[in-house]
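Morning, everyone. Please bring up the model on your screens. I'll talk about aromatic rings, then about helix packing.

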Amino acid sequence: MTETVEKPINILVVDDNAYTLRIVRHTLQQAGYNVSTVASGEEGLENIKEQGLPHLAIVDLHMPPGMSGFEFCRTVHQYSDLPIIMLTAVDDENTVLEGLDKHAEDYIVKPFSPGEMVARVGRLMRRIGSFAYPLTALTRVDERLQIDFPQRRAVVEGESIMLTPTETKLLYLLMRNAGQTVTTEFILRRLWPNEAAFEDRLHVHLHRLRRKIEAKDDGDRGRYILSERGTGYIFQSHFEAAEK
C-alpha cells in the first residue's frame with residue numbers, strides 16, 4: 001500500500017462486525033485518511049448529524065436487526081450525494097447490480113485485500129474530488145451563509161431557514177464542485193436517478209433555493225448560484241473555498 005493522501009479526507013465506516021471495523025480503520029488510517037467507525041446504520045446517521053457529512057462512506061450491506069446498508073444509503077441520499085462504497089460478504093450478482101445502480105459508487109466483497117481497499121478508495125476520490133468546503137456539522141460558505149446538510153437547513157445572516165431534501169441535495173451537488181460548471185444533465189441524473197426528469201423541474205427547485213439563500217439586492221445574476229446558459233450551473237461565493 002503505497003498510496004498516500006495529500007489533504008485530510010474524512011471517511012465513515014458503517015459495519016456491525018467489530019473485527020471488520022478495526023481492519024478497515026487501521027488500513028485507511030495507515031494510508032492517511034481520517035476514519036470514524038460505527039456499528040449500525042442508525043449510529044451512522046447520528047454520527048453525520050453530530051459531525052457533519054464525511055467525504056466518503058464505506059457501508060456494510062446487512063446489519064441485522066436494524067437498518068440495512070441500502071436503507072442507510074437511501075436516507076443519506078435524500079439530502080446529499082455522498083459517495084458510498086458497499087462492503088459486504090454478499091456477492092450475488094443482482095445485489096451487486098442493485099447496489100451500483102441505485103446506491104453506491106463501488107462495491108467491495110469480503111474478505112478483501114487491504115491494498116485493494118486503499119486503491120479503490122483512492123481511485124474514487126480522484127474521480128469525484130474532495131468537497132470544495134470543509135465538511136463539518138455546519139459547513140461555512142462565507143460570513144453570511146452556512147449549511148447544515150443533515151438537518152436540511154441554511155443559516156443566512158444568523159437566521160435558520162429550512163430546506164427541502166431536494167434543495168439540500170442540489171446545494172450539495174453545486175457546493176461540492178464550487179467554482180466549476182455542473183451540467184444540467186448531471187444534476188438531473190443525480191437528483192432523480194430512477195425517474196425521468198426535465199430541466200423545467202430543476203428550474204423550480206433552483207428558483208426556490210435561490211430565494212432562500214440569496215440576498216434580495218444580489219440582482220438577477222445572484223451571489224452564489226450562477227447559470228451557464230445551455231450548460232449548467234456554478235456555485236460561487238465572494239470568498240475562496242477554504243482548503244479547496
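Start with a cluster: ring pairs join Phe131, Phe149 and Tyr172. Rings of Phe, Tyr and Trp (its six-membered ring) pair if their centres lie within 6.5 Å; planes under 30 degrees apart are stacked, over 60 edge-to-face, the rest tilted. This is a predicted model, where local features need pLDDT of at least 70, side-chain atom pairs count only at pLDDT 80 or more, and totals for chains, interfaces and linings use all residues. Residues are numbered from 1 along each chain as its sequence is written, and side-chain values use heavy atoms, with hydrogens and water left out.

The structure has five aromatic pairs. One of them is Phe131 with Phe149: edge-to-face, 6.0 Å centre to centre, 80° between the planes. Phe131 sits in the loop between helix H5 (114-128) and strand S6 (139-140). Phe149 lies 18 residues away, in the loop between strands S7 (145-148) and S8 (153-156). Helices (H or I, at least four residues) and strands (E, at least two) are DSSP runs, numbered from the N terminus.

Phe131 also pairs with Tyr172: tilted, 5.1 Å between centres, 50° between planes. Tyr172 is in helix H6 (residues 165-176), 41 residues from Phe131.

Why does Tyr172 count as buried? Because its relative accessibility is 1%. Buried means under 20% relative accessible area, exposed over 50%, partly exposed in between (1.4 Å probe, protein chains only).

Now the packing. H6 and helix H8 (residues 199-213) pack at about 85°, axes 10 Å apart. Axes are lines fitted to C-alpha atoms, for helices over the stretch in contact; angles run from 0 to 180 degrees between N-to-C directions.
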